[in-house]
Amino acid sequence: MAKEFKISAERLEELRSELVYLKTVREREVADQIKEARSFGDLSENSEYDEAKNEQGKLYSRIAEVENILANCVVIEDSADANCVRLGSRVVVEDLEFGDQESYQVVGSQEADPMNGRISEESPFGKALLGRAIGDTVTVEAPAGNIDYKILDIQR
């Protein structure tokens with residue numbers, strides 16, 4: 001069974017746009033690179049041709065990856081229950097050891113960007129937060145040991 005990808009409606013549109021770009025504009029650019037490299041002569045010693053073929057392989061790999069995501073995606077729906085952490089929720093947590101407050105958004109694995117506060121629901125932190133409510137304390141298993149957080153706020 002194929003892996004199910006949980007994504008937002010915005011990410012779905014981004015992926016659809018990327019696929020159109022890859023299949024039209026980018027594919028034509030790579031084909032032109034290959035055509036130009038062939039004109040340089042002997043293909044066995046033609047580094048431009050090899051590079052263009054490698055680029056074509058990367059392009060087709062990315063097209064297949066995006067098509068797979070689109071074929072197996074589930075769009076995250078906004079839930080009426082804002083009292084509970086769900087996919088798409090923005091959560092403010094407090095590190096109970098140091099008192100630091102951080103804000104994160106729980107997203108599907110395809111949208112995760114921890115450096116910008118977007119954590120995957122498949123990550124240990126994301127799993128610990130899902131289904132929890134304001135005031136709950138969650139323990140996250142980290143390589144440096146367990147870290148306790150208190151949920152201060154949940155927004156949609």
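## A tour of helices, salt bridges and a hairpin

Start by selecting Arg11: its relative accessibility is 16%, so Arg11 counts as buried. Keep in mind as you click around that this is a predicted model.

The side chains of Arg11 and Glu14 meet in a salt bridge, 3.1 Å from N to O. Both residues sit in helix 1, three residues apart, which is about one turn of the helix. Glu14 has a relative accessible area of 45%, so this one is partly exposed. If you're wondering what brings such residues together, side chains of opposite charge can pair when their charged atoms come close.

Next, show all of helix 1 (residues 9–38) along with helix 2 (residues 47–71). Their axes come within 9 Å and cross at roughly 160°. Because of that angle, helix 1 is roughly antiparallel to helix 2. The crossing of the two is left-handed.

Buried or partly exposed: which is Arg26? With 17% relative accessibility, Arg26 counts as buried, while Glu55, at 21%, is partly exposed.

For another of them, go to Glu122 and Lys3. They form a salt bridge whose closest N and O atoms are 3.7 Å apart. Here too, distant parts of the chain are linked: Glu122 is in the loop between strand 5 (118–120) and helix 3 (124–129), Lys3 is in the segment before strand 1 (5–7), and 119 residues separate the two. Glu122 counts as partly exposed at 36% relative accessibility, and so does Lys3 at 44%.

For the last stop, select strand 6 (residues 137–142) and strand 7 (residues 145–155). The two pair in the antiparallel sense over six bridges. Strand 6 and strand 7 form a hairpin, with two residues between them. Zoom in on Ala142, and you'll find it standing opposite Gly145 in strand 7.

Conventions. Residues numbered from 1 in each chain as written. Predicted model: local features only at pLDDT ≥ 70, side-chain atom pairs only at ≥ 80, totals over all residues. Heavy atoms only, no water. Pairing = 2+ DSSP bridges. Helix = DSSP H or I, 4+ residues; strand = E, 2+ residues; numbered from the N terminus. Axes fitted to C-alpha atoms, helices over the stretch in contact; angles between N-to-C directions. Parallel < 35°, antiparallel > 145°, perpendicular 65-115°, else oblique. Left-handed = near helix turned anticlockwise from the far one by under 90°. Salt bridge = Lys/Arg side-chain N within 4 Å of Asp/Glu carboxyl O. Buried < 20%, exposed > 50% of the residue type's maximum accessible area, 1.4 Å probe, protein only.
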